Amino acid sequence: GKRDRQIVDYMALRFGPVDYVGDFDMLSPVPGLQVGIHYIRPNEEHPYLVMFTSGMSDLPMTVPPGQEAWRYAELVMHL
């Protein structure tokens, strides 16, 4: 969706061209929730692989009291 595009665009701006791996049904009890897996190859600015998700933030997570600002999140890994 639109939020997924915003996430991918931000990561491309921050780290470089984004490659797409695919969509995965991560949480089978949640119909229609698909999480995209993307990666950015190492380059001159960052000598490591960046992997990140898009789609997880479509639904809120359970968070501790006082952490409501973090209910909608994605995962990012630098390898």
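Biologist: Hi! What should I know about the numbering and the ground rules here?

Modeller: Residues are numbered from 1 along each chain as its sequence is written, and side-chain values use heavy atoms, with hydrogens and water left out. The model is predicted, local features need pLDDT of at least 70, side-chain atom pairs count only at pLDDT 80 or more, and totals for chains, interfaces and linings use all residues.

Biologist: What is the mean pLDDT of the protein?

Modeller: The mean is 87, and 86% of the residues reach 70 or more. For reference, pLDDT is the predictor's confidence in each residue, from 0 to 100.

Biologist: Which elements have the lowest and the highest mean pLDDT?

Modeller: Strand S1 (residues 19-24) has the lowest, at 75, and strand S4 (residues 76-78) has the highest, at 96. Elements here are DSSP runs numbered from the N terminus: helices are H or I with at least four residues, strands are E with at least two. Where pLDDT is low, the predicted coordinates should not be read in detail.

Biologist: Okay, salt bridges. How many are there?

Modeller: The count is three, taking a salt bridge as a side-chain nitrogen of Lys or Arg within 4 Å of a carboxyl oxygen of Asp or Glu.

Biologist: Which residue does Asp58 pair with?

Modeller: Asp58 forms a salt bridge with Arg3, and the closest N and O atoms are 3.9 Å apart. Asp58 sits in the loop between strand S3 (50-54) and S4 while Arg3 is in helix H1 (residues 2-15), so the pair ties together parts that are 55 residues apart in sequence.

Biologist: How accessible is Asp58, and how accessible is Arg3?

Modeller: Asp58 is partly exposed at 37% relative accessibility, and Arg3 is partly exposed at 38%. The classes are buried for under 20% relative accessible area, exposed for over 50% and partly exposed in between, with a 1.4 Å probe and protein chains only.

Biologist: And what does Asp9 pair with?

Modeller: Asp9 forms a salt bridge with Arg5, with the closest N and O atoms 3.0 Å apart. Both residues belong to helix H1, where they are four residues apart, about one turn of the helix.

Biologist: Which residue forms a salt bridge with Arg41?

Modeller: That is Asp19, with closest N and O atoms 3.0 Å apart. Arg41 lies in the loop between strand S2 (35-40) and S3, and Asp19 lies in strand S1, so this pair ties together parts that are 22 residues apart in sequence.

Biologist: Switching to strands: how do S2 and S3 pair?

Modeller: S2 and S3 are antiparallel, over five bridges; strands pair if DSSP finds at least two bridges between them. The bridge partner of Tyr39 in S3 is Met51. As for cover, five of the six residues of S2 are buried.

Biologist: Is Ser54 buried or exposed?

Modeller: Ser54, found in strand S3, is buried, with a relative accessible area of 4%.

Biologist: What does the side chain of Ser54 join up with?

Modeller: A polar contact of 2.7 Å links the side chains of Ser54 and His38. Leaving out residues up to four places away in sequence, Ser54 also touches others, including Asp4, Ile7 and Glu74, where contact means heavy atoms within 4.5 Å. A polar contact is a pair of N or O atoms within 3.5 Å; within protein, one must be able to donate a hydrogen and the other to accept it, and residues adjacent in sequence count only if both atoms are side-chain atoms.
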